Amino acid sequence: MIDKLEFFIALANEKHFGRAAEECGISQPTLSAAIRQLEDQLGVMLVQRGSRFQGLTPEGQRVLEWARRIVGDARTMREEMRAARRGLSGHIRLAAIPTALAMLSRITTPFQERHPGVTFSIVSRNSLQVLSMLENLEIDAGITYLENEPLGRVTTVPLYAERYNLITAAGSPLSDRDNVTWREIGDLRLCLLTADMQNRRIINRHLTEAGATAHPTLESNSMIVLFSHVRTGRWASIMPRNVAKSFGFPVEIRMIPIVEPEAHHLVGLVAPYREPFTPLVSALLHEARVLVQDEELR
């Protein structure tokens with residue numbers, strides 16, 4: 001039953017029998033047979049079928065909620081028994097918004113030193129994708145904004161407040177200032193994150209409130225791309241101060257606080273709202289709470 005529920009979750013995520021089978025490491029006929037057996041066991045149709053996947057039935061949507069809960073609990077049980085036998089080990093899957101990627105080493109490095117049997121995989125995603133992957137059991141935890149948009153039923157550990165700076169080359173407009181206003185930077189040649197990123201929506205909102213509008217001449221979902229263009233001296237950007245500091249900008253690049261308003265938005269760790277937590281997630285939450293005590297991140 002657990003295997004069949006995992007196959008069903010994969011099908012709901014991928015919305016395609018072939019891709020779901022590949023994700024589960026089985027053949028498509030095996031996956032299709034397992035879904036039909038699950039339907040027979042439950043006595044309801046779960047999938048709307050045609051020549052291809054057409055979605056879940058209302059009963060399928062309800063079973064999906066139960067499947068996520070049951071599979072999550074089963075994984076927790078397996079991890080807890082493994083930890084009891086061999087100590088903490090396994091693999092932690094994380095997704096983080098681009099502006100938080102630079103600080104993740106502050107969690108993963110001390111965690112791995114304490115638990116050398118644990119490995120990590122980290123992917124960059126926007127805030128909505130982080131929450132979707134968490135709900136679909138594709139990741140164990142994420143780093144995202146804790147305000148502005150609904151989080152749903154998750155456990156949170158606030159980590160730091162994101163504060164914004166104009167990042168620009170020395171000698172360029174406004175580079176000699178101690179601070180700048182949101183209104184003043186609206187006319188600069190900017191490179192910013194793409195519109196699907198919550199960071200960009202935050203920046204757009206503060207510019208609009210100040211009576212300005214962003215017209216970036218370059219957009220990317222990568223902070224590295226933005227950084228490399230700022231270094232040319234032809235673009236400016238708006239970045240959180242902690243991200244800008246992590247790049248180790250040379251002296252010819254200025255980091256200038258943006259005021260009126262001096263905005264900040266809370267970023268933190270999110271994990272499934274489940275008791276008990278898996279041993280890995282429990283240890284990760286502990287590591288995040290230890291990190292909060294570091295005043296540098298606030």
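Visitor: How many bridges join strand 6 to strand 10?

Guide: The model under discussion is predicted. Strand 6 covers residues 154-169, and strand 10 covers residues 237-240. The two run antiparallel, with asparagine 165 opposite methionine 239. The number of bridges that join strand 6 to strand 10 is four.

Visitor: How many bridges join strand 6 to strand 12?

Guide: Strand 12 comprises residues 264-272 and runs antiparallel to strand 6. Within strand 12, alanine 271 stands opposite threonine 155. The bridges joining strand 6 to strand 12 number nine.

Visitor: How many of the 16 residues of strand 6 are buried?

Guide: A residue counts as buried when its relative accessible area is under 20%. Strand 6 is mostly covered by this criterion. Of its 16 residues, the number buried is 13.

Visitor: Where is proline 261, and what kind of peptide bond joins glutamate 260 to proline 261?

Guide: Proline 261 lies in the loop between strand 11 and strand 12. Most peptide bonds are trans. Between glutamate 260 and proline 261, however, omega is about 0 degrees, and the bond is cis.

Visitor: Is glutamate 287 buried or exposed?

Guide: Glutamate 287 belongs to helix 10, and it touches Ile107, Pro110, Phe111 and Arg114. Its relative accessible area is 4%. Because the limit for burial is 20%, glutamate 287 is buried.

Visitor: What is the relative accessible area of leucine 137?

Guide: Leucine 137 is in the loop between helix 6 and strand 5. Its phi is near 65 degrees, a positive value in a residue other than glycine. The residue is buried, with a relative accessible area of 11%.

Visitor: Is lysine 15 buried or exposed?

Guide: Lysine 15, in the loop between helix 1 and helix 2, has a positive phi of about 55 degrees. Its relative accessibility is 53%. Since a value over 50% is classed as exposed, lysine 15 is exposed.

Technical notes:
Residues numbered from 1 in each chain as written. Predicted model: local features only at pLDDT ≥ 70, side-chain atom pairs only at ≥ 80, totals over all residues. Heavy atoms only, no water. Buried < 20%, exposed > 50% of the residue type's maximum accessible area, 1.4 Å probe, protein only. Pairing = 2+ DSSP bridges. Contact = heavy atoms within 4.5 Å. Lists of a residue's contacts leave out its neighbours within four places in sequence.
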